[in-house]
Structure formats: C-alpha cells, structure tokens
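Reader: I have a structure open and would like to go through parts of it with you. Could we begin with the strands and then turn to the helices?

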Amino acid sequence: MAETWDEVQLIADGFERVYVELEWSSGPRAGLADVDGKPHYFQGNDWNDADEADEYSVWPASFAVVELEREQWAIFARWNERHEAGTVGPETHPGQGGIDARYDELALLLAQYRQAPDDARRLVGEVRFDAGPRYRVEGLDYWFRWRPSRCGRR
C-alpha cells in the first residue's frame, strides 16, 4: 500500500487535486486535474523513457467541459460504490456502453476534448495519495505536484 498524506499537507506541499481518471495503467495515465490551480487534462506520453516515466501532456479544460467530465465521473463513482458494496456486478459498468444513456452521451460529447492538442505542455507529475476512498464523486485518492519537463512542449 502506498504511503498516504493528509489533505492539508498535500496542499502545503504544492500538490493539486485530480478530479477524473480516464485511464490507469501502472499509475495515472489520463484524466482531469488541477495544474496551477486550473483544470487541465493530463495524458501520459507514449514517448516517455526510463528517466521521465512520469511525464504528461497537459492542456486546459474549459469550465463547461469540466462540468461534463465531472458529471460522467460521478456516474462512474456512484456505480463503483454499489459495485464495491456487492449490489451490482461488473457487467453493469457504465463504461461498457448501452448501460447508462447519459454516460454514453457524455462520452460522445467529451471525446474531442480528450485528445492532446499540438500545443499541449509537457510536465512531470509526482503523485501522492490521501487516505480517502480510491474513487469518490469529488475526485480520486491521488494528487499531482507538477514541474516542468526538460523537454518543454512537444
């Protein structure tokens, strides 16, 4: 189990919230998090090398898009609570399509915003975990502290 941190300490140490997880593979790969206090998409870069394993492309997300992302995330987080409680099975996961009409609608609306633009910034993200539940409507149990990449922009 990863070491956990108090929210007050995370903020004091310069870590910022993660609101939406779009992909996890041996760590956060894509989602929506604050960068410099404002919501941004983040996406792990396929061109990472061993020295820059935590490098991400980041780009701003508008207020309207953030609201839609958080709405879709809330659908998932509520499903996950029921799944962990044993009241629903994995076959009811909203991301499978055809399970939750609004989730599907949001996926279509958001697809265009989830692609990194050519002018996305490259940042290195350090991750720390808080002691809360993994998935929750307001976000996740991990936070990022960002620093510039040695590579800058793409």
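Reader: Which residue is the bridge partner of Glu21 in β3?
Author: The partner of Glu21 is Gly31, in β3. Please keep in mind that this is a predicted model.

Reader: And in β4, what is the bridge partner of Gly31?
Author: In β4, Gly31 is bridged to Phe42.

Reader: In which sense do β2 and β3 pair, and over how many bridges?
Author: β2 and β3 run antiparallel and pair over five bridges. β3 and β4 are also antiparallel, with six bridges.

Reader: Is β3 mostly covered or exposed?
Author: β3 is mostly covered, as eight of its eight residues are buried.

Reader: Let us look at the turns. How many residues lie between the strands in the hairpin of β2 and β3?
Author: There are three residues between those strands, and Ser26 in this hairpin has a positive phi near 60°. Ser26 is a residue other than glycine. Most residues of that kind have a negative phi.

Reader: Is Ser26 buried or exposed?
Author: Ser26 counts as exposed because its relative accessibility is 81%, and the cut-off for exposed is over 50%. Ser26 sits in the loop between β2 and β3.

Reader: What about the hairpin of β3 and β4: which residue in the turn has a positive phi?
Author: That residue is Asp36, with a phi of about 55°, and the hairpin has two residues between its strands. Asp36, too, is a residue other than glycine.

Reader: Is Asp36 buried or exposed?
Author: With a relative accessibility of 61%, Asp36 counts as exposed. Asp36 is in the loop between β3 and β4.

Reader: Now the helices. How many residues does α2 have?
Author: α2 has 22 residues and spans 31 Å from its first C-alpha to its last, close to the 32 Å expected at 1.5 Å a residue. Just after α2, Gly86 takes a positive phi of about 80°.

Reader: Which residues of α2 are buried?
Author: Among them are Trp73, Phe76, Trp79 and Ile75, along with Glu69, Gln72 and Asn80.

Reader: And what covers the buried residues of α2?
Author: The cover includes the strands β2, β3 and β4, the helix α3, and also β7 and β8.

Reader: At what angle do α2 and α3 pack?
Author: The angle is about 145°, and the axes are 10 Å apart. α2 passes α3 in a left-handed crossing.

Reader: Which residues make that contact?
Author: From α2 the contact has Val65, Leu68, Glu69, Glu71, Gln72, Ile75 and Phe76, and from α3 it has Arg102, Tyr103, Leu106, Ala107 and Leu110. By type, these residues are eight nonpolar, one polar and three charged.

Reader: One last topic, the loop between α2 and α3. Is Gly98 buried or exposed there?
Author: Gly98 lies in that loop. Gly98 is exposed because its relative accessible area is 69%, against a cut-off of over 50%.

Reader: How many residues separate Gly98 from Tyr135 in sequence?
Author: They are 37 residues apart in sequence, and their C-alpha atoms are 22 Å apart in space.

Key. Residues are numbered from 1 along each chain as its sequence is written. This is a predicted model: local features need pLDDT of at least 70, side-chain atom pairs count only at pLDDT 80 or more; totals for chains, interfaces and linings use all residues. Side-chain values use heavy atoms; hydrogens and water are left out. Helices (H or I, at least four residues) and strands (E, at least two) are DSSP runs, numbered from the N terminus. Buried means under 20% relative accessible area, exposed over 50%, partly exposed in between (1.4 Å probe, protein chains only). The expected span of a helix is 1.5 Å times one less than its number of residues. Contact means heavy atoms within 4.5 Å. Two strands pair if DSSP finds at least two bridges between them. Axes are lines fitted to C-alpha atoms, for helices over the stretch in contact, and angles run from 0 to 180 degrees between N-to-C directions. A crossing is left-handed if the near helix is turned anticlockwise from the far one by less than a right angle, and right-handed if clockwise. Ala, Val, Leu, Ile, Met, Phe, Trp, Tyr, Cys and Pro count as nonpolar, Asp, Glu, Lys and Arg as charged, and the others, Gly among them, as polar.
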